[in-house]
Amino acid sequence: MTDTLVEVQDIKVHFPIKRGVVLDRTVGYVYAVDGVDLAIRRGETYGLVGESGCGKSTLGRAMLKLTEPTAGRVVFDGIDLSAMKGEPLRTMRRRMQMVFQDPMSSLDPRQSVESILVEGMRAHGLDTDRQATAKRLRSLLSSVGLPSTSLRRYPHEFSGGQRQRIGIARALTVEPELIVADEPVSALDVSVQAQVINLLEDLQQEFGLTYLVIAHDLAVVRHISDRVGVMYLGGLVEEAPSDLLYAEPLHPYTRALFSAVPVPDPIVEDRRERILLAGDLPSPARPPAGCRFHTRCPWRQRQRCDTERPALREIAPGHRVACHYAEDIRAGKIRPHAVEPELVEQDVTGGIGPDDPLAGPASVTEALGP
Ligand SMILES: Nc1ncnc2c1ncn2[C@@H]1O[C@H](COP(=O)(O)OP(=O)(O)O)[C@@H](O)[C@H]1O
Ligand code: SF4
Ligand SMILES: [Mg+2]
């Protein structure tokens, strides 16, 4: 038995863009997930963050094989799911469940809570004895903090937070090992968010669960995660233990992302560096060449950034960064400069002239002197 529960290797999900009614031609692809390597350990909570549209949900769904990957492998508990289909895959699915953002739209309003909960058990042959099932449902409801009288009620009779508790209970009915929670508290009031996050933590202890928690809200992920991965335009740009990442983000994108989050301490808040990103998030249908972040990166250098896609490499133990200049940025050898937004559609491999708005040195060696 290895330490890793689930792993994706060089996983890609490209959605075809179709045109034309008759011929249904494929005119391009949305590179929603484009080469991600990620492993989640047993009992761990892995937080996945990034701007909306960067591919978090697609990656989560591909990990559960709810979306068929275009390329790459998914390995769950040592079993390669890549070629698995039909009944064997269905059986494996019991072990990995999903919790969705909007509990109202993911719960059938016409079904009672009892029938919502029994459904999954039945599908996996776990509802064999009425008494045992009834007992199990009552105990599950108590675990998620709902009274057993909830069984006869309908989703609309509950508050948003309670509905999310039902959604979590539904995932738990089939005794999964992995739960992918996609923006589990984003639709909830701030006051309720913490309760649901705490519940997820308690349930992890109680049932020995492994989590992938997806959120665009950095605060949510920080609190709950052991490790955090940061996504940008279909790729993982940084990954580290949560404390380490928040203490010292190394990738320019992570730095910019974190710098936008207010800090409660007013002194720290006044002093801290704020990095404003130039330009919009490029379309995942036309990702920039080289480093995908180079069109917005305040640390961008003349060499390599716009031609060579950086690999996710280990900079310090457990800290992986996809940036050619991570070490120099960390050491303060290169400084951020103003970046003019670059039109993504233009020839991004074009040279950078002497009048370029990049105020930074042409190369690291230049910055260091001869
Ligand atoms: N089924 C689909 N067909 C076509 N494009 C999709 C589909 N699902 C997601 N996308 C696109 O893939 C990109 C990533 O989406 P998504 O994984 O939902 O991002 P996130 O969860 O980070 O907001 C987006 O550009 C989105 O429009
Ligand atoms: S590789 Fe270059 S463009 Fe990409 S994040 Fe690093 S410095 Fe910025
Ligand atoms: Mg999403």
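Strand β4 (residues 71-76) and β5 run antiparallel and are joined by 2 bridges, where strands (E, at least two residues) and helices (H or I, at least four) are DSSP runs numbered from the N terminus, and two strands count as paired if DSSP finds at least two bridges between them. Within this pairing, phenylalanine 76 has isoleucine 79 in β5 as its bridge partner. Both strands belong to an open sheet of 4 strands with antiparallel pairing, in the order β2-β1-β4-β5. Because β2 and β5 (79-80) stand at the edges with a single partner strand each, one side of each is left without a neighbour in the sheet.

## Basis of the model

This is a predicted model, in which local features need pLDDT of at least 70 and side-chain atom pairs count only at pLDDT 80 or more, while totals for chains, interfaces and linings use all residues. Residues are numbered from 1 along each chain as its sequence is written, and chains are lettered from A and ligands numbered from 1 in the order in which they are written.

Strand β3 (residues 45-49) is mostly covered, with 5 of its 5 residues buried; a residue is buried if 20 or more other C-beta atoms lie within 10 Å of its own, exposed if 12 or fewer, and partly exposed in between, with C-beta atoms placed from the backbone. Thr45, Gly47 and Val49 point one way from β3, whereas Tyr46 and Leu48 point the other way. In a regular strand the side chains alternate between the two faces of the sheet.

β3 pairs in the parallel sense with strand β8 (residues 210-214) over 4 bridges, and threonine 45 has tyrosine 211 as its bridge partner in β8. Strand β9 (residues 227-232) also runs parallel to β3, joined to it by 4 bridges, and here leucine 48 stands opposite glycine 229.

Leaving aside residues up to four places away in sequence, leucine 212 touches Ile40, Tyr46, Leu48, Gly60, Met63 and Val180, where contact requires C-beta atoms, placed from the backbone, within 7 Å.

## Surroundings of the two ligands

The residues around ligand 1 include Gly53, Gly55, Lys56, Ser57 and Thr58, a residue being near a molecule if its C-beta atom, placed from the backbone, lies within 6 Å of it. This shell divides into 5 nonpolar, 6 polar and 1 charged residues, with Ala, Val, Leu, Ile, Met, Phe, Trp, Tyr, Cys and Pro counted as nonpolar, Asp, Glu, Lys and Arg as charged, and the others, Gly among them, as polar. While β2 and α1 (56-63) each supply at least two residues of the shell, its largest share, 3 residues, comes from α1.

Around ligand 2 there are 13 residues, the closest being Cys291, His294, Cys297, Cys305 and Cys323. By class, the shell around ligand 2 has 9 nonpolar, 3 polar and 1 charged residues.

Conventions. Two residues are in contact if their C-beta atoms, placed from the backbone, lie within 7 Å.
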